[in-house]
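Reader: I have just opened this one and would like to be walked through it slowly. Could you take my questions as they come?
Author: Gladly; let us have the sequence and the model in view before starting.

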Amino acid sequence: MQMIGGLLYNAIYIYSFFIIGYILMSWFPNARESSIGQFIGRIVEPYLEPFRRFIPPLGMIDLSPIVAIIVLRMAGVGVLALFGA
């Protein structure tokens with residue numbers, strides 16, 4: 001069971017880096033339109049969408065990815081506590 005918990009935790013950890021990469025891509029022109037940007041967008045957008053419905057952007061700043069990462073990290077801690085990894 002520890003191995004499953006460790007794998008889940010690592011998957012959550014890596015997914016959070018995909019979200020961070022997607023956020024950073026917004027700083028560079030046309031980065032999200034590249035093939036890598038579209039791939040990461042298809043992976044990340046379904047998770048970010050519910051957060052964007054509840055957290056409106058503040059002008060040009062979108063805080064929903066930050067909240068999404070915090071929730072994801074808390075889920076990772078929960079996985080570690082549940083599986084004892």
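Reader: At what angle do helix 1 and helix 3 pack, and how far apart are their axes?
Author: Bearing in mind that this is a predicted model, helix 1, which covers residues 2-25, packs against helix 3, residues 64-83, at an angle of about 170 degrees, and their axes are 9 Å apart. An angle over 145 degrees counts as roughly antiparallel, and helix 1 and helix 3 are therefore roughly antiparallel to each other.

Reader: What classes of residue make up the contact of helix 1 with helix 3?
Author: In the contact of helix 1 with helix 3 there are 17 nonpolar residues, four polar ones and one charged one.

Reader: Let me step back a bit. How many helices and strands does the chain have?
Author: The chain has three helices and zero strands, and read from the N terminus its elements follow the order α-α-α. Along the principal axes, the C-alpha atoms of the chain fill a box of roughly 45 × 30 × 15 Å.

Reader: And how do the axes of helix 1 and helix 2 cross?
Author: The axes of helix 1 and helix 2 cross at roughly 100 degrees and come within 9 Å. Since angles of 65 to 115 degrees count as roughly perpendicular, helix 1 and helix 2 are therefore roughly perpendicular to each other.

Reader: Which residues make that contact between helix 1 and helix 2?
Author: From helix 1 the contact takes Tyr15, Phe18, Ile19, Tyr22 and Met25, while the residues on the helix 2 side include Ile36, Ile40, Val44, Tyr47, Leu48 and Arg52. By class, the contact of helix 1 with helix 2 divides into eleven nonpolar, two polar and two charged residues.

Reader: Is Ile40 buried or exposed?
Author: Ile40, which sits in helix 2, has a relative accessible area of 11%. Buried means under 20%, so Ile40 counts as buried. Apart from its neighbours within four places in sequence, Ile40 is in contact with Phe18, Tyr22 and Met25.

Reader: Which residues touch the most other members of the largest nonpolar core?
Author: That core has 15 residues, and Ile19, Tyr22, Ile40, Val44, Leu48 and Leu72 are the ones that touch the most other members. Helix 1, helix 2 and helix 3 are the elements that give two or more residues to this core. As for Leu72, when residues up to four places away in sequence are not counted, it touches Ile12, Tyr15, Ser16, Ile19 and Tyr47.

Reader: What share of the chain counts as buried?
Author: Of the 85 residues in the chain, 26% count as buried.

Reader: What about Val71, where is it found?
Author: Val71 is found in helix 3, and at 34% relative accessibility it counts as partly exposed. Leaving aside neighbours within four places in sequence, Val71 is in contact with Tyr47 and Phe51. Val71 and Ile36, by contrast, are 25 Å apart from C-alpha to C-alpha, being 35 residues apart in sequence.

Reader: And how far apart in space are Val77 and Tyr9?
Author: From C-alpha to C-alpha they are 7.9 Å apart, although 68 residues separate them in sequence. Val77 belongs to helix 3 and is exposed, its relative accessible area being 54%.

Reader: Last one: where does UniProt place the feature "transmembrane region"?
Author: The unreviewed UniProt entry places that feature at residues 7-28 and 63-83. In the model, residues 7-28 are 86% helix and 0% strand, with end C-alpha atoms 32 Å apart. Residues 63-83 are 95% helix and 0% strand, and there the end C-alpha atoms lie 31 Å apart.

Key: Residues are numbered from 1 along each chain as its sequence is written. This is a predicted model: local features need pLDDT of at least 70, side-chain atom pairs count only at pLDDT 80 or more; totals for chains, interfaces and linings use all residues. Side-chain values use heavy atoms; hydrogens and water are left out. Axes are lines fitted to C-alpha atoms, for helices over the stretch in contact, and angles run from 0 to 180 degrees between N-to-C directions. Helices (H or I, at least four residues) and strands (E, at least two) are DSSP runs, numbered from the N terminus. Angles under 35 degrees count as roughly parallel, over 145 as roughly antiparallel, 65 to 115 as roughly perpendicular and the rest as oblique. Ala, Val, Leu, Ile, Met, Phe, Trp, Tyr, Cys and Pro count as nonpolar, Asp, Glu, Lys and Arg as charged, and the others, Gly among them, as polar. A nonpolar core is a set of buried Ala, Val, Leu, Ile, Met, Phe, Trp, Tyr and Cys residues joined through side-chain atoms within 4.5 Å. Buried means under 20% relative accessible area, exposed over 50%, partly exposed in between (1.4 Å probe, protein chains only). Contact means heavy atoms within 4.5 Å. UniProt positions are given in the numbering used here, feature names are shortened, and annotations may be inferred rather than shown by experiment.
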